[in-house]
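Colleague: I'm new to reading structures. Please take a close look at one site with me, and then carry on into the parts that go with it.

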Amino acid sequence: MIDFLPLSKIISENKSFLLTTHVNPDADAIGSELAFYRMLKMLGKTARIVNHSETPYNLVFLDTDSVVEKYEKEKHDMLFYESDVIVALDFNSPQRVASMQIAFENSRKLKICIDHHPHPSPFADHFFVDSSYSATGHVLYDFIKKTNIVEPGKSIAVPIYAAIMTDTGSFRFDRTTSDLHRLIAELIDLGTDPTYIYDKIYDESRYSKIRLLGECLSTIRMTPSKEIAYIVITQQALKISGADEADIEGFVNYCLSIKGVKMGLLFFELENGLKVSLRSKGSIPVNLLAEEFGGGGHLNASGIRVSDVKLNDFISVILEAAERYIK
Ligand code: 5GP
Ligand code: MN
């Protein structure tokens with residue numbers, strides 16, 4: 001249970017807000033920013049949304065007024081020093097804001113974190129965090145409902161719906177409860193169109209993405225135990241397909257769709273480094289595996305980003321460590 005009163009107080013006592021989220025934002029990240037932004041606007045506050053990454057192409061439809069900005073040092077650093085409050089949404093350690101980390105950490109303004117990941121690092125002044133929530137958007141909607149801070153309409157319901165739909169794997173992961181479905185019913189009553197949102201996010205893929213998916217599925221590998229499946233995407237494969245980083249969202253889930261597989265890993269070679277997506281079934285804590293390598297996330301869905309490592313060497317190291325979690 002989160003005590004939301006301090007959050008209401010912070011909002012009422014301050015005027016200008018800077019909202020941000022993690023690198024490679026998903027629909028929970030962008031949806032939470034837009035819902036919080038629209039709530040602040042209804043309250044007559046000043047707000048800006050600034051992110052390290054550009055909004056992925058399949059989420060741009062959520063940003064109907066084009067208010068999400070991509071970080072540029074010269075243009076945006078002053079916001080970290082002039083805004084009354086900095087709001088960290090859907091992440092729990094400062095490294096997750098990538099190129100904005102220095103400005104973010106150097107700022108002495110009030111920082112609040114609204115999130116649903118376990119084990120936050122102590123970077124904010126106030127944490128409104130509970131990992132029993134399905135999504136950060138879910139935390140926000142609960143806040144709005146419990147405090148009656150605004151009367152939510154469609155402009156808030158739609159991004160919250162997108163946040164929850166994607167973070168629950170379209171209502172199938174373990175935090176999909178009857179209470180959550182009742183909340184979703186409210187969002188639909190407020191004007192959300194589930195078919196439209198699913199279509200925009202998942203069924204308007206670029207051809208290049210589907211070609212890359214085909215390549216990944218045909219080269220998927222298994223460890224000798226057949227309990228870990230993994231996909232490797234090199235920069236070369238990415239370039240040949242014409243796809244980009246946003247396109248690989250969701251690929252790792254195919255690993256878990258194989259019977260008997262308990263952990264799925266996706267190794268994605270970056271321009272300078274490597275990103276690993278980790279997924280598991282049941283009680284296998286991939287967040288602890290990710291934390292061993294400086295990453296983090298949820299029990300069943302986590303990530304790691306490292307720089308200056310060799311792809312193949314790192315794959316062996318991770319697979320070896322992963323075997324310990326299967327046993
Ligand atoms: P994905 O694999 O979809 O990028 O991320 C899965 C989950 O792990 C998300 O909840 C995300 O916030 C978290 N995550 C992904 N990458 C990192 C990382 O580099 N560090 C931390 N702490 N969490 C991550
Ligand atoms: Mn989330």
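Modeller: Start with donors: N, O and S atoms within 2.8 Å of the metal, or 3.2 Å for Na, K and Ca, with water not among the atoms, so sites may look incomplete. What we have is a predicted model, where local features need pLDDT of at least 70 and side-chain atom pairs count only at pLDDT 80 or more, while totals for chains, interfaces and linings use all residues. Residues are numbered from 1 along each chain as its sequence is written, chains are lettered from A and ligands numbered from 1 in the order written, and side-chain values use heavy atoms, leaving out hydrogens and water.

Now the site. The manganese ion (ligand 2) has Asp-28 (OD), Asp-90 (OD), His-116 (NE2) and Asp-167 (OD) as its protein donors, at 2.1 to 2.4 Å. Along the chain, these donors follow the spacing D-x61-D-x25-H-x50-D. Asp-90 sits in the loop between strand 4 (85-89) and helix 4 (101-106), and His-116 in the loop between strand 5 (110-115) and strand 6 (126-129), so this pair ties together parts 26 residues apart in sequence. (Helices are DSSP runs of H or I with at least four residues, strands are runs of E with at least two, and both are numbered from the N terminus.) Both Asp-90 and His-116 are buried, and buried means under 20% relative accessible area, against over 50% for exposed and partly exposed in between, using a 1.4 Å probe and protein chains only.

Let's follow His-116 to a neighbour. His-298, in the loop between strand 11 and strand 12, touches His-116, His-117, Pro-118, Val-286 and Asn-287, not counting residues up to four places away in sequence. Contact here means heavy atoms within 4.5 Å. His-298 is buried as well, at a relative accessible area of 15%.

Strand 1 (residues 16-20) runs parallel to strand 4, joined by 4 bridges, and Leu-18 has Ile-86 in strand 4 as its bridge partner. (Axes are lines fitted to C-alpha atoms, for helices over the stretch in contact, and angles run from 0 to 180 degrees between N-to-C directions.)

Strand 11 and strand 12 make a hairpin with 3 residues between them; they run antiparallel, joined by 2 bridges, and Gly-296 has Gly-303 as its bridge partner in strand 12. Strand 12 also pairs with strand 10 in the antiparallel sense, over 6 bridges, with Leu-274 standing opposite Val-306. On its covered face strand 12 has Ser-302, Ile-304 and Val-306, and on its uncovered face Ala-301, Gly-303 and Arg-305. Over at strand 7, the pairing with strand 8 (residues 228-233) is antiparallel over 2 bridges, and Met-222 stands opposite Ala-229.

Phe-171 is in the loop between helix 6 (154-167) and helix 7. Not counting residues up to four places away, Phe-171 touches Tyr-161, Ile-164, Met-165, Thr-176, His-181 and Ile-184. Helix 7 (residues 178-189) packs with helix 5 (residues 136-147) at an angle of about 75 degrees, their axes 12 Å apart. That makes helix 5 roughly perpendicular to helix 7, a label for 65 to 115 degrees (under 35 is roughly parallel, over 145 roughly antiparallel, the rest oblique). Where they meet, helix 5 brings His-138, Tyr-141 and Lys-145, and helix 7 brings Leu-180, Leu-183, Glu-186 and Leu-187.

How values were computed. Pairing = 2+ DSSP bridges.
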